[in-house]
Amino acid sequence: MPFGVSAREEKGAGLSPAPFCLIMLTLSRRRALWAYVFICLPLLLFLFFRVYPLFQAFYLAFIRWHADPGQQTFVGLDNFRRLFGDLRFLQALRNMGLYMLLAVPGQVILGLALALLLNSLPKGRGFFRAVYFLPYITPAVAISWAWSFMLSPHLGVVNRVLRWLGLPAQPFLTSPAQALPTVALIVVWQYIGFHIVLFLTALANIPKELYEAARIDGASSWNLFRYVTLPLINPTLVLSIVMATGSPTIGILQLFTQVLNLRFYDPGGPIGSTATVVLYMYQVGFKRFELGYASAVAVLLFVTIAVITLIQYKLTARRID
Amino acid sequence: MLTKLGIRILGLCVGLTLVGLSLAAEPVTIVYWQYEYATKVKAIDELIKRFEAENPDIKVIHETFPYAAFAEKVAAAVPAGVGPHVVTLYYGWLPAWQRAGYLQPLPEEWFPTEEIESEFAPLVQAAKMDGRYWGLPTGVRTLALFYNIDLFEQYGIANPPETWDEFIDIAKKLTVWQDGMLVRAGFGMAPDGQDHHLVREVLIRQFGGTPYSEDYRQVLYNSPEGVRALKFYTDLALVHKIGEPDFPFPGVAGYYREGFNAGLIAMIVDGSFAIGTIKSGAKFRWGVAELPKLTPDGEKHNFASFWMHALTPRAQGEELEAAVKFLKFITSAEAMELWLQVVGELPARLSLLNRPDLLNDPIYGPFLRALPYSHATFFVDEARQRQIMIDAILRVIRAGESPEKSLAIAAAEEQAVLDAFWSKR
Amino acid sequence: MEGGRPRMFLLWIFLYFLVLLGAVIMVFPFVWMFLTSLKPLPEVYTLNWWPRNPTLANYRAILQMYPFGRWFFNSIVVAIITTISMVLLSSVTGYALAKLDFPGKRAVFVGILVTMFIPTELLVIPWYSMSVKWNWVDTYWGILFPGLIHAFGVFLMRQFFFSVPNELLDAGRVDGLSEFGVFWKVALPLMKPALGALAILNFVGNWNAFLWPLIVTSRRDLFTLPVGLAMFSGEAGVQWNLITAGATLTVLPTIIVFLVFQRAILESVATSGLKG
């Protein structure tokens, strides 16, 4: 007797309530199986190319690379203990907090605002969309140089404009006080196109009928936004916030390339005021070749991003019904 | 019968000869890694050509990578068991690379210490660790003052400065401020360029202090003399206003040099490695002078550095032999002469350093003459120690810190770095 | 409503002004970069905005000095393949995570999300060991394997799949479609804008990737564009006239890709009517 089949048939041959539940069970089990089929290849790739290296990196955090790489000494939590007394690392951590406060709201709120603005333009939408996307597609290295030049206190065009407007010239990237906000602004400028694309897509997904219905009911623009738009784009909002915070490339907590290229000979300066954790990890790992210590930095960063993302998710994600 | 035997013997001979030929023809291949630098690449390519002509059984593969990521390539390659047999590195990286296991010491049989020390300039001793030599340079560099002759003449200045006071006077004449904006700097300040060396090895000593103890285990620059030296340097921006760091802008490698080439800066302190860039970039007449002294009969000091060629653990057996031969070749006198012509770095061998034509050369002369009184700092962690001095300077110029306090902070941090290093040896 | 029209008009003028101002700020550095690419090196540091004698010499130089065309080709191959892979695999996974229930769903999502939080700069080391072990160094596969799938893609598709009404899916199931059929024929077509967005964002991200292609390739003819661009900088200075020319050339394809895909993003989804 084939295993599950005839038993099911047997039971199904009987009367209503019990078999109905069993058919439902099998249906959901079948769907679950399909789900596994869907995700098996991607999951395999993830496990192989991302999860496994992740564990390798974690493992290194508890190791000190010895003179002979064949001989790695296990040092337990020693690397982490060192980190907590490491002034430059702590400075980078402090900077990360400031960066987050400036760049995440900057990218998300401005991104959303601009998307709404672009969406409501009757003419020229395509052109402006391309323009706002341009910074995102320009290689960060070349554009960082352009910014560094334009922000030069003495020769840069930004100060020339400021003074033409009657405002005092600013030191920007050369001042320990102004450098970090300046870098944050440049990052926002570069990645806002990313968020605009996300939000435009989300806005395009909202059925027009909902707006019509709400307007007929007498809703104001603000209420339309608050009660129709916002909840419907919530998943994208969550995506945008999480990406702006912790993702590689555009996440501010993993900021590296711009900091390196805006101040090529003294990255993270002046006096470490723009240093980031990934920059520090890079310097430790690739200039000092202390890969164990660098991995410890990566682990701490990982935990930090995970915690922050979790909090963000809990605070912002809402189920749509 | 005899012919059959004959044929078999002939066959055997031919066979053996063919095998022998193929064995002999099988070249040993070694890989040499360098960072991408046009003149150095050209020089090495030429040297490889000559080397392979003299050693037909060795083939050298020359791979170069962008400077910005050169260290990463090595860091990724060596633990993976691949990468170069011979590699170029900045001498200051030696402790870090050696600790990470990326290098093997030069084999004594082929590189006896006495031979090295008798043939090479004394500053090459910075390539020595634990009594063994870990690499050798082809060229060495010192610092000098580059100045804009056209600008000097325009302002009626006949000669480059010999003392720091003259230096400040000249710089003041050449500096142009307009509405509070620096239009032209008399001196291109670059703590993150060569000026941190200037403070550490030149100014501190000239003011009567010492940066480190003889064994490089103690930080000694935190002294009244050291403070005076730092104050002198930072005063250039704060008091005399003849320039400031990050001018024209900091987002560029060698920004102070680019500023000099563009005519925005009248004088810079730079190494001989800059000659090529300045030669091709500056569209005005420029000159080179030895670094100024404190007083007309004051002490002269300079900072020397070098990139050295070293062996990685990958070079073993046949490849080790080939690598050693190659290394000897590219550090030979002949190679150094070529290097001087193509790259502009000074020869590291004593035999070449006393040539009168070089000593009196208007461009190379000041660099060469500085070698006898140069110091090559033994860095245990070049990146960090460099950063500490840069921050010491910028704390005063950008954050209003006093030179005493700033130097004290720097000394404490650097001492910790030194202690951490030496305690492990 | 009285006097509303002139006020509306003023509002539009103001809005357009804002948008224009923003656009200028967005574009300014790029325009600067482009204009610099038309200048010879000594002129780069002068303060003039327009090139005195605009020249294409820099473009000619890069195309001659380095295998720029080859780098271009490499970048295209890698970006296209990874984008296709990303779009397919992310949509399948995102759909499963958003619309199907299975034990361990939460764990899988968190597990995937979490892989984003480790910096690429550190991942390159284990990736490189892997590549050496299996001879992927200096191959196209070596450059593209880390880009085949990424948590960002899965996350994006999952979030967008939430907006597909379950009723539509059930309708498909009732119509006799298999689960895959429901995904392929019902859900996916609704996702055109999201797929477009993912394609663009991933293409660009991959196009500009620098560190990993640098590490895994030593042969100059296998470099991608960003790696090639980095060759123009060195210990003694940066050839900004060349880099800006190279950067401008690098940007052009992505602009084209964007213009092609942005229509897909803009298609507003006509709701296919909720039953009842």
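Two residues are in contact if their C-beta atoms, placed from the backbone, lie within 7 Å. By that test, 30 residues of chain B are in contact with 20 residues of chain C. The model is predicted. This report takes the contacts between chains first, then each chain in turn.

## Contacts between chains

Start with the meeting of chain B and chain C. Three helices of chain B, α3 (70-77), α10 (255-261) and α11 (275-281), each supply at least two residues of the side that touches chain C. That side of chain B holds 17 nonpolar, six polar and seven charged residues.

Chain C also meets chain A. Here 76 residues come from chain C and 77 residues from chain A. Which helix of chain C gives the most to the side that touches chain A? Helix α13 (residues 240-266) of chain C does, with 13 residues. By class, the side of chain C that touches chain A has 58 nonpolar, 14 polar and four charged residues.

## Chains A and B in figures

The table sets out values for two of the chains.

| Chain | Secondary structure | Buried share | Contacts joining residues at least 24 apart, among those at least 6 apart in sequence |
|---|---|---|---|
| Chain A | 14 helices and two strands | 50% of 321 residues | 65% |
| Chain B | 18 helices and 15 strands | 52% of 425 residues | 74% |

## Chain A

One helix pair of chain A can be followed in detail. Helix α4 (residues 87-120) of chain A and helix α11 (residues 234-246) of chain A have axes that come within 9 Å. These axes cross at roughly 145°. The crossing of α4(A) and α11(A) is right-handed.

Which residues of α4(A) meet α11(A)? They are A:M100, A:A103, A:V104, A:Q107, A:V108 and A:G111. From α11(A), the partners are A:S240, A:I241, A:A244 and A:T245. By class, the contact of α4(A) with α11(A) has six nonpolar and four polar residues, with no charged residues.

Is A:P181 buried, exposed or partly exposed? A residue is buried with 20 or more other C-beta atoms within 10 Å of its own, and exposed with 12 or fewer. A:P181 has 15 C-beta neighbours inside 10 Å, so A:P181 counts as partly exposed. Another residue of the chain, A:L83, is 98 residues from A:P181 in sequence. In space, A:P181 and A:L83 are 25 Å apart, C-alpha to C-alpha.

## Chain B

Along the principal axes, the C-alpha atoms of chain B fill a box of roughly 105 × 50 × 40 Å.

Chain B is assigned two domains, each given as two segments: domain 1 (8-141 + 305-375) and domain 2 (143-304 + 379-423). Their centres, taken over C-alpha atoms, are separated by 31 Å. The contact takes 23 residues from domain 1 of chain B and 21 residues from domain 2 of chain B.

On the domain 1 side, the elements that give two or more residues are α4 (94-99), β6 (135-141), α16 (364-370) and β15 (374-375) of chain B. Which element gives the most to this side? α16(B) does, with four residues. By class, the side of domain 1 of chain B that touches domain 2 of chain B has 14 nonpolar, six polar and three charged residues.

## A helix pair in chain C

Helix α7 (residues 151-161) of chain C and helix α10 (residues 192-207) of chain C have axes that come within 10 Å and cross at roughly 160°. Angles over 145 degrees count as roughly antiparallel. Therefore α7(C) is roughly antiparallel to α10(C). The crossing of the two helices is right-handed.

From α7(C), the contact is made by C:G153, C:L156, C:M157 and C:F160. From α10(C), C:A194, C:L198 and C:N202 take part. By class, the contact of α7(C) with α10(C) has five nonpolar, two polar and no charged residues.

Key. Residues are numbered from 1 along each chain as its sequence is written. Chains are lettered from A and ligands numbered from 1 in the order in which they are written. This is a predicted model: local features need pLDDT of at least 70, side-chain atom pairs count only at pLDDT 80 or more; totals for chains, interfaces and linings use all residues. Domain bounds come from an automatic or database domain assignment. Ala, Val, Leu, Ile, Met, Phe, Trp, Tyr, Cys and Pro count as nonpolar, Asp, Glu, Lys and Arg as charged, and the others, Gly among them, as polar. Axes are lines fitted to C-alpha atoms, for helices over the stretch in contact, and angles run from 0 to 180 degrees between N-to-C directions. A crossing is left-handed if the near helix is turned anticlockwise from the far one by less than a right angle, and right-handed if clockwise. Angles under 35 degrees count as roughly parallel, over 145 as roughly antiparallel, 65 to 115 as roughly perpendicular and the rest as oblique.
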